[in-house]
Amino acid sequence: MSLKPASLPTFPLIALMRRLVLPAVLCMATAALFHSTATAAAKDDRPNLLFILADDMGYGDVQALNPESKIPTPHLDGLAAAGMTFTDAHTPSAVCTPTRYGVVTGRYCWRTRLKSGVLNGYGEPLIQDDRTTVAEFLKEQGYRTGIVGKWHLGLGFAKQGKEFDFSKPVDNGPHTHGFEHSYIIPASLDFPPYVYIRDGELTEFPSIEQAAQKFPAFLRKGERSPDLTMENVLDDLAAHAGVFIAESTKGDKPFFLYLPLTAPHKPVIPHPRYQEETSLGPYADFVVQVDATVGAVLDSLEKAGAAENTLVIYTSDNGSFMYRLGEDAKDHTDEVSVQGYRAENHTANAIYRGTKADVWEAGHRVPFLVRWPGTVEAGSQCDETVCLTDFFATAADIIDAEIPEGTAPDSFSLLSLFEGQGWKEQRPPVIHHSVGGMFAIRDGKWKLVLGNGSGGREKPRGKPFEKPYALFDMEQDPEERHNVIDKHPQVARRLEEKCLQIRDAGTSHVE
């Protein structure tokens, strides 16, 4: 069964005066006055919110954060120059699904049924119906809400017996969790089904059998729609984001756009116009394309006249999957099938230990750039420890709206930091989490790992809550080379108690 290909999404303008039956002259005058008032409110009242989430971009992939990098990222560098760079920002998990859950709900994902790992493209919905998302919250506050990009939080695919029925809409997804407009892929771009879903409906039936491929163009075997080709996905997302921005700015509401990109996550397939853009292999070329994609979206803001009244946040869902290899090893520049670099060529995760999936810093310390003209000082820097779960409370604080009780239990406002001040109220410790369920806690300069390994990919992987634990002074030892738990056992005990308290309380708002 085939579905007709759909055209680009349209977003009907609000017909402000369509129900008026007054004489034409009075109608026109009233419409002009109303439109002027609405436009002024949109410009002067609340900012638009644009949250861009890269997929697997490491701290060292942004040249502004890693001056020794040979990969040009001019648009991200420009974003940093025009706003605030956070040097100690962390994802709530070192992998995809749980971080995205944390961004959307303001809640650590290990509080759900998903205690480790990620969902696949066919996964059951992770967000419960009674869990308020930031999109639902902002929609209730009068925002126009949209998502363009990678969802990876489970979808309600229709079934006939045990088989998926792709001819029918999905009954659970971003369109049922507060996003008025959604244009998504189900999960990471290496997970089938390879389809676009707009507002709950597949744009085209997945009639192609996609073959499995090896790294760097890593793909799993599965269904694919003809209108989705891997090389074009970033361009497709930028185009749809541009349409959403253009149409939203014509209305009388501010907008919230969540833009979770699909790269530089596998499959590492840069568009042909970016191939060999660098001398560092497809991964580096893909980073260049991600940077250009961000530039295209920022350009859409400029063209829509919305740049001055839009808070832009750029970050990543976890660190890079590219390993740091030894001096004598072949790397990605020698053979593109090698998933890693020697430090002389590139350090995707900068100085930090480990890789994506690990509880070590490389797993979850990520770029976090904020631009908000008139509020965030250009070229500024913040060294406070923050978490991506903090977006929900930050959005609420910006629009001076109260978060309902029980909502966003692990979220804390960053607004005062954006304004160049300290915390209004000191943020509780941040909890880190690995793909294998390893916990760590960060409080000030101290980081305690509650396990005996990475909990991810770097060996030894270890096991959660098995000793010896590891304590690091992150001011003196950001590369996590020296376990000082024997020198500071009282600090380790305090942090362990605090981590367990936050875990068991159901909220980070604990005394």
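Leaving aside its neighbours within four places in sequence, with which residues is Leu 301 in contact? In this predicted model, in which contact means heavy atoms within 4.5 Å, Leu 301 touches Leu 50, Ile 245, Phe 255, Ala 306, Ala 307, Thr 310, Val 312 and Arg 371. Residues are numbered from 1 along each chain as its sequence is written, and side-chain values use heavy atoms, with hydrogens and water left out. As the model is predicted, local features need pLDDT of at least 70 and side-chain atom pairs count only at pLDDT 80 or more, whereas totals for chains, interfaces and linings use all residues.

Leu 301 and Tyr 314 have the most contacts inside the largest nonpolar core, which has 61 residues. Such a core is a set of buried Ala, Val, Leu, Ile, Met, Phe, Trp, Tyr and Cys residues joined through side-chain atoms within 4.5 Å, where buried means under 20% relative accessible area with a 1.4 Å probe and protein chains only. Among the elements that give two or more residues to this core are β1, α5 (233-248), β12 and β13 (310-316), while α6 gives the most, with 11 residues; helices (H or I, at least four residues) and strands (E, at least two) are DSSP runs numbered from the N terminus. A second, separate core of 57 residues includes Tyr 143, Val 195, Ile 197 and Ala 395.

Helix α3 (residues 96-105) is mostly covered, 10 of its 10 residues being buried, and the elements that cover these residues include β1 (48-55), α4 (134-140), β4 (144-150), β12 (255-264) and α8 (391-398). Just after α3, Gly 106 takes a positive phi of about 70°.

Asn 349, in the loop between β15 (340-342) and α7 (361-364), is likewise buried, with a relative accessible area of 5%. A polar atom of the Asn 349 side chain lies 2.9 Å from the backbone nitrogen of Ser 320.

An open sheet of four strands has the order β19-β20-β21-β22, with antiparallel pairing, two strands being paired if DSSP finds at least two bridges between them. Because β19 (430-433) and β22 (470-473) each have a single partner strand, they stand at the edges, and one side of each is left without a neighbour in the sheet. Strand β21 (residues 446-450) pairs with β22 over four bridges, and Leu 448 has Leu 471 of β22 as its bridge partner. Helix α10 (residues 489-505) packs on the sheet, touching β19, β20 (439-443), β21 and β22, and its direction makes about 65° with that of β21; axes are lines fitted to C-alpha atoms, for helices over the stretch in contact, and angles run from 0 to 180 degrees between N-to-C directions.

Definitions and conventions. Buried means under 20% relative accessible area, exposed over 50%, partly exposed in between (1.4 Å probe, protein chains only). A polar contact is a pair of N or O atoms within 3.5 Å; within protein, one must be able to donate a hydrogen and the other to accept it, and residues adjacent in sequence count only if both atoms are side-chain atoms.
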